[in-house]
Amino acid sequence: MADRSGGAAKVKKARRPEVRLPPLVPWEEGGRLEPDGDYDGLEFSGADLAGQEGTGARFMDCAIVGCGFDEAALRRARFLDSTLTGIRGVGTDLAEATLRDVEVTDARLGGVQLHGAVLERVVIRGGKIDYLNLRKARLKDVVFDGCVLVEPDFGGARLERVEFPGCVLKGADLTGVTMTDVDLRGAAELGIARGVDRLGGAVVSPAQLFDLAPAFAAQLGVRVVG
């Protein structure tokens, strides 16, 4: 929360990924994902992966560019040391997936299921994600940078060293969240629908604290009468 002493609040910075991709081999045009498939050093460019079954697949040192993921089944998939750029999709199932040392840029996604997922050293830069489900996920060293998150659900998640510079948060659900070194000061918009009482472990700016005052009052059952 805000530093009551008037000094600068100290919060540990998130460690960002340093993805260095090797020379990549183009993924075969018209190919299909396979459950438990192993994809190493590949470039997926403009592929339509809608509805494909890739449960448990592993993507290592991959570049995924401009691909469609509508209703793709990627439960428990692993994305390691990879970049995802300009991906799009509605209803993508990434429940219990692992993203480690991953950069996601300009994604356009809706209803993505990441509940129970593990995100470590991940940057999500730009783009817009509607109804992101991160319930009971674990986020460590994650940066939401300049993206728009509409009604994200962090219910029961654990956040450690997570930052939101330039990010727009609309109607976030923080019910049951556990936070450690979460920096919300850089958020362009901070809208919390539920769970404002779970902001212990987060740092906000004085202006944000003022904006959140009605939510805190409602949480405490305080009536503010002019």
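Which residues line the second largest cavity? In this predicted model, where local features need pLDDT of at least 70 and side-chain atom pairs count only at pLDDT 80 or more, totals for chains, interfaces and linings use all residues. Residues are numbered from 1 along each chain as its sequence is written, and side-chain values use heavy atoms, with hydrogens and water left out.

The second largest cavity is lined by F154, L159, F164, L169, A172, L174, M179, L184, L190, I192 and L199; lining residues have an atom within 4 Å of a point on a 1 Å grid over the protein atoms alone, and a cavity is a set of such points where a 1.4 Å probe fits but cannot get out. This lining divides into 11 nonpolar, no polar and no charged residues. At least two of its residues come from each of β13 (168-173) and β15 (189-194), strands being DSSP runs of E with at least two residues. Its volume is about 70 Å³, a volume being the space filled by probe spheres set on the points.

The largest cavity holds about 230 Å³ of space. Among the 16 residues that line this largest cavity, I87, L94, L99, L109 and L114 are the closest to its centre. Two or more lining residues are given by each of β6 (78-85), β8 (98-110) and β9 (118-130).

Turning to packing, the largest nonpolar core has 62 residues, the members being buried (under 20% relative accessible area, 1.4 Å probe, protein chains only) and joined through side-chain atoms within 4.5 Å. β8 contributes the most to this core, with 5 residues. F44, F59, F79, L139, F144 and F164 have the most contacts inside the core.

Methods
On a 1 Å grid over the protein atoms alone, a cavity is a set of points where a 1.4 Å probe fits but cannot get out, and a pocket is an open set with protein on both sides within 12 Å along at least five of seven lines; lining residues have an atom within 4 Å of a point. Helices (H or I, at least four residues) and strands (E, at least two) are DSSP runs, numbered from the N terminus. Ala, Val, Leu, Ile, Met, Phe, Trp, Tyr, Cys and Pro count as nonpolar, Asp, Glu, Lys and Arg as charged, and the others, Gly among them, as polar. Buried means under 20% relative accessible area, exposed over 50%, partly exposed in between (1.4 Å probe, protein chains only).
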